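Visitor: Could you take one part of this structure and walk me through it closely? I'd like to hear how it sits among its neighbours.

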Amino acid sequence: MAVREQLWPVTLRDMRRDDLPAVLDIERRSFSQPWSRAFFEKELATPFARLIVAVEAGWAGPTVVGYTCRWRVTDEVHVLNVAVHPDRRGRGFGRLLLEGTLGEARSSRARIVYLEVRAGNVVARRLYRSVGFRELGVRRGYYGPGQDAIVMELRLGHW
Ligand SMILES: CC(C)(COP(=O)(O)OP(=O)(O)OC[C@H]1O[C@@H](n2cnc3c(N)ncnc32)[C@H](O)[C@@H]1OP(=O)(O)O)[C@@H](O)C(=O)NCCC(=O)NCCS
């Protein structure tokens with residue numbers, strides 16, 4: 001018998017220090033060079049940084065299923081990090097986190113959004129393109145020998 005998975009509501013809110021165990025678990029499952037706890041704590045204390053978590057309701061209570069980190073520098077937004085728990089991917093949470101970031105960038109009249117993505121990360125590149133980012137160029141060896149970064153930008157309406 002096929003069992004349909006329960007769909008629980010997902011909300012976005014600012015990351016707190018007590019989210020860090022769940023965030024670090026996702027970070028370590030998602031990246032070969034994960035950010036450390038100290039790095040997240042530094043970002044949480046940085047005035048121009050904003051960290052958002054996606055929280056899914058569930059039988060066992062709310063669970064952090066993804067997060068994003070961005071910087072606001074003058075009229076630019078830099079997306080530093082986006083990740084979704086491997087068990088919760090493909091359900092629109094990455095898009096939700098990114099669209100939350102873009103919505104806030106637009107409403108606070110940012111002019112442009114930048115990010116870097118590993119050249120081999122086809123899933124993330126497809127996600128970014130699907131919300132309007134375009135590829136600006138390549139930073140050779142940005143993530144280490146032979147590991148290039150693609151720089152992407154999204155121009156918002158305020159030029
Ligand atoms: C990139 C990442 C955040 C996407 O999160 P997600 O919740 O799985 O993504 P979504 O379900 O919102 O999908 C959004 C889009 O991503 C792309 N995508 C998602 N899964 C995909 C897959 N398996 N293959 C190809 N494209 C895929 C599609 O364009 C999709 O849009 P569509 O559903 O309309 O086709 C997630 O894969 C992740 O955490 N990866 C590891 C960390 C990482 O690489 N982060 C980016 C660093 S720059």
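Guide: Let's look at the helix α3 and what lies around it. Keep in mind that this is a predicted model.

Now, which residues are tucked in? F93, G94, L97, L98, T101, L102 and A105 are the buried ones in α3. An α-helix has 3.6 residues a turn, so residues three or four places apart point the same way. The cover over those buried positions includes the strands β1, β2, β3, β4 and β5, along with the helix α4.

Take V23: leaving out residues up to four places away in sequence, V23 touches M15, F40, V53, V64 and Y67.

β4 and β5 pair in the parallel sense, over four bridges, and V79 stands opposite L115 of β5. In a regular strand the side chains alternate between the two faces of the sheet. β5 shows two such faces: V113, L115 and V117 are on the covered one, while I112, Y114, E116 and R118 are on the uncovered one.

α3 also has a part in the ligand site. The ligand is surrounded by 18 residues, the closest being R89, G94, R95, A124 and L127. β4, α3 and α4 each give two or more residues to this shell, with α4 giving the most, five residues. By class, the shell has eight nonpolar, six polar and four charged residues.

Finally, check what comes just after the helix. R109 takes a positive phi of about 60° there, although R109 is not a glycine. R109 sits in the loop between α3 and β5, and it counts as exposed because it has 10 C-beta neighbours inside 10 Å, where the cut-off for exposed is 12 or fewer. Another non-glycine with a positive phi is T74, near 45°. T74 lies in the loop between β3 and β4 and is exposed too, with 9 other C-beta atoms within 10 Å.

Note on methods. Residues numbered from 1 in each chain as written. Predicted model: local features only at pLDDT ≥ 70, side-chain atom pairs only at ≥ 80, totals over all residues. Contact = placed C-beta atoms within 7 Å. Near = placed C-beta within 6 Å. Nonpolar A, V, L, I, M, F, W, Y, C, P; charged D, E, K, R; others polar. Buried ≥ 20, exposed ≤ 12 C-beta atoms within 10 Å, placed from the backbone. Pairing = 2+ DSSP bridges.
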